[in-house]
Amino acid sequence: MFSLPNWTKSKKTLAANKFKIAVSAFAMTISMACTSQSPNNVAEVESAKPETPPNILLILSDDHAWNDYSFMGHEIVQTPALDKLAAEGVTFKRGYVPTSLCRPSLATIATGYYAFQHGITGNDPSRELAGGKGGELYEKQRAEIIAKIDDVATLPQLLKPKGYVSLQTGKWWEGSFERGGFDQGMTRGFPQPGGRHGDDGLKIGREGLSTITDFIDETSAANKPFFVWYAPFMPHSPHTPPKRILEKYQNKGLSDPIARYYAMIEWFDETNGDLFEHLEKKGLKDNTLVVYVSDNGWVNNPSQRDRFLPRSKQSPGESGVRTPIMYSWPEKLKAQMRPEVTSSIDIVPTILAAAGVEIPKELPGINLLADMQSQSPIKRDTIFGEGFAHDMDDLDKPESTLLYRWVIQDKWKLILSYDGKNVSYQKYHADVLAGPRLYNLLADEHETTNLAAQHPELVKALSKKLTDWYPVKEREILH
Ligand SMILES: [Ca+2]
């Protein structure tokens, strides 16, 4: 059973926990020695520590469907740089994010906690608050949501004791880059103009990469390991690709909105290629861990520019939550296509292991590094996810806007819907807020046939796994 850590119970213990997480490497070593780890576990932890900590480049695509890559089988869209990364690194074609909405998904990747744990479950406060969107109460709640990041240790904070210097670029919702624990960054954050999800940070990729390449050159010249958060606003709308790329797709007879979305993907891919080339040119490729994930899926409306269809972003369907997840570290990891399911919840523990940082025991994800290095099967067959409304409601009760939970065990996926408060984007949820749905993902990766009625025992067993993950106290399951 997954038990909720005590620290989710009160702000006071949360703060105490953060302090505990942020203690020095020395104290962590002491606490490690005091735990009852088997000799084998200790050996694994020791062998996972590299001599020189690797540089870390974390690439987050934005609003990009799992199958819209050449290496994932797409026949039109071209992604040569990411195809190369997939071929050279460790690639999980069955990767997932627990939550298919930008802000909670990014907060999970930054902290290693599920949305119900870090508490950032939606993009915005409720538009039904007195005074409406942008009103005094709304702005007050926006600040309160951002303050939740102060209660959890973030990846750059956890890497800091190992000497890492960190840079934030692209999307970042939780205030300024400093507030997220980064040393340098582009986002000034709320309440600055455009500070909702990135302000100046959103220029990265679309208007060049020199902020990153200069940072890489400076930190490596100073012999410091770097951590780069590259979360460009790409292929995210507005879909405004350069003409030279757009024309390639317009010439394929696609509708204008689809041609634009595909061209945005290729443009995003090009920026990754430029970063990979820079690492190679500077002799940094071999000891740089590149981690790749998309924050949520997207299916473009074929007749409307910059708009998505239901069952993609915000939904618990494959087009919402599935994404390839890749880890490339030429010095330590051999190229492999992995058959297992994995989740973005594993990214923080895996990066910490690569950096030689002790992994906070409260983190719910698993460290994949040892199994990737030894090419052994991962000893976990079940992953979990949850979906909340776009607008938050009761900021202290994640359950207040709970709409979905899902579990994948091997080939089976069960989706349950809940009666959480949902005041915006209802049309995207109308036909997916429904009774239990069970899919055989290996036979039906587009979730066309609901097998729940044929396998009631399996629905029951997988529902129990969701309850064991964490019990829901106030919400009712829709039938
Ligand atoms: Ca997104």
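Biologist: Hi! Where does Gly356 lie?

Modeller: Gly356 is in the loop between helix H13 (347-355) and helix H14 (369-374). Helices (H or I, at least four residues) and strands (E, at least two) are DSSP runs, numbered from the N terminus. Residues are numbered from 1 along each chain as its sequence is written. This is a predicted model, where local features need pLDDT of at least 70, side-chain atom pairs count only at pLDDT 80 or more, and totals for chains, interfaces and linings use all residues.

Biologist: Why does Gly356 count as partly exposed?

Modeller: Gly356 counts as partly exposed because it has 19 C-beta neighbours inside 10 Å. A residue is buried if 20 or more other C-beta atoms, placed from the backbone, lie within 10 Å of its own, exposed if 12 or fewer, and partly exposed in between. The C-alpha atoms of Gly356 and Pro54 are separated by 9.4 Å, and these residues are 302 apart along the chain.

Biologist: On to the sheets. In what order do the 8 strands of the open sheet come?

Modeller: The order is E4-E3-E5-E1-E6-E7-E2-E8, with mixed pairing. Strand E4 (184-185) and strand E8 (336-343) are at the edges with a single partner strand each, so one side of each has no neighbour in the sheet. Two strands pair if DSSP finds at least two bridges between them.

Biologist: And strand E1, how many of its residues are buried?

Modeller: In strand E1 (residues 55-61), 7 of the 7 residues are buried, so E1 is largely enclosed by the rest of the structure. Asn55, Leu57, Ile59 and Ser61 point one way, while Ile56, Leu58 and Leu60 point the other way.

Biologist: How many bridges does E1 have with E6?

Modeller: E1 pairs with E6 over 7 bridges, in the parallel sense. Ser61 has Ser294 as its bridge partner in E6. E1 also runs parallel to E5, joined by 4 bridges, and Ile56 is opposite Phe227 in E5.

Biologist: What is the bridge partner of Ser166 in E5?

Modeller: Phe227 is the partner of Ser166. Strand E3 (residues 165-170) and strand E5 (residues 226-231) run parallel, with 6 bridges joining them.

Biologist: Which strands does helix H9 lie across?

Modeller: Helix H9 (residues 210-221) lies across E3, E4 and E5, at about 175 degrees to E5. Axes are lines fitted to C-alpha atoms, for helices over the stretch in contact, and angles run from 0 to 180 degrees between N-to-C directions. Two residues are in contact if their C-beta atoms, placed from the backbone, lie within 7 Å. Helix H4 (residues 80-88) lies across strand E2 (90-96), strand E6 (288-294) and strand E7 (322-328), running at about 65 degrees to E7.

Biologist: Which residues of H10 meet H11?

Modeller: Ile245, Leu246, Tyr249 and Gln250 in H10 meet a set in H11 including Ala259, Tyr262 and Trp267. The axes of H10 (residues 243-250) and H11 (residues 256-281) come within 8 Å and cross at roughly 130 degrees.

Biologist: There's a sheet of 4 strands too; how does the pairing go?

Modeller: That open sheet has the order E9-E10-E11-E12, and the pairing is antiparallel. Its neighbouring strands are turned by 15 degrees against each other on average, direction ignored. Strand E11 (residues 412-417) is joined to E12 by 4 bridges, and the partner of Leu414 in E12 is Leu438.

Biologist: Which helix lies across E9, E11 and E12?

Modeller: Helix H16 (residues 456-469) lies across E9, strand E10 (402-409), E11 and E12, running at about 65 degrees to E11.
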